[in-house]
Amino acid sequence: MTALSAEGRASLRKRTLLGGKIIFNDGHSVFDCTVRNLSDTGAMIQIENPLAVPNTFNLRFPDDRLLACEVRWRKINSVGVEFV
């Protein structure tokens with residue numbers, strides 16, 4: 001069993017300020033975003049219109065890492081994702 005953080009998270013999250021790209025539609029659609037929190041299992045991403053983000057997409061980081069993501073929650077200007 002995995003120990004949970006005080007917030008009930010499986011892994012610790014780190015505050016970040018990274019530019020990123022949400023990529024979907026076989027690479028034909030791209031949104032710029034800002035990765036504000038990052039952990040081994042997911043991230044919190046700021047984006048102007050979170051309703052335009054599909055439920056699954058790839059997230060490209062500035063170092064060219066590409067991670068598959070699934071949306072877990074949406075707020076006014078952000079989305080929480082789990083890496084899949």
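How many helices and how many strands does the secondary structure of the chain come to? I looked this up before anything else. The chain has zero helices and six strands, where helices (H or I, at least four residues) and strands (E, at least two) are DSSP runs numbered from the N terminus. Along the sequence I read the pattern β-β-β-β-β-β.

**Entry: what I am looking at.** This is a predicted model, in which local features need pLDDT of at least 70 and side-chain atom pairs count only at pLDDT 80 or more, while totals for chains, interfaces and linings use all residues. Residues are numbered from 1 along each chain as its sequence is written, and side-chain values use heavy atoms, with hydrogens and water left out.

**Entry: the chain as a whole.** I noted that 35% of the 84 residues count as buried. Buried means under 20% relative accessible area, exposed means over 50%, and partly exposed lies in between (1.4 Å probe, protein chains only). The accessible surface comes to about 5700 Å², and 50% of that belongs to carbon and sulfur atoms. These areas come from the Shrake-Rupley method with a 1.4 Å probe; for residues, only the protein chains shown count as cover. I then looked up contacts (heavy atoms within 4.5 Å). Of those with a separation of 6 or more, 40% are between residues 24 or more positions apart.

**Entry: the core.** Which residues of the largest nonpolar core touch the most other members? I found Ile 22, Ala 43, Ile 45, Phe 57, Leu 59, Val 81 and Phe 83, out of 17 residues in that core. Strands S1 (14-24), S2 (29-38), S3 (42-46), S4 (56-60), S5 (66-74) and S6 (78-83) each supply at least two residues of this core. A nonpolar core here is a set of buried Ala, Val, Leu, Ile, Met, Phe, Trp, Tyr and Cys residues joined through side-chain atoms within 4.5 Å.

**Entry: rings.** I counted one aromatic pair. Rings of Phe, Tyr and Trp (its six-membered ring) pair if their centres lie within 6.5 Å; planes under 30 degrees apart count as stacked, over 60 as edge-to-face and the rest as tilted. The pair is Phe 24 with Phe 31, and it is tilted because the planes stand at 55°, with the ring centres 5.3 Å apart. Phe 24 is buried at 18% relative accessible area, whereas Phe 31 is partly exposed at 27%.

I also looked for charges over rings (NZ of Lys or CZ of Arg within 6 Å of the ring centre and within 35 degrees of the ring normal). Arg 65 lies over the face of Phe 61, 4.3 Å from the ring centre. Lys 75 lies over the face of Trp 73, at 5.1 Å.

**Entry: salt bridges.** I counted four salt bridges, each a side-chain nitrogen of Lys or Arg within 4 Å of a carboxyl oxygen of Asp or Glu. One of them joins Asp 63 and Arg 65, with the closest N and O atoms 3.0 Å apart. Asp 63 is partly exposed at 49%, and Arg 65 is partly exposed at 38%.
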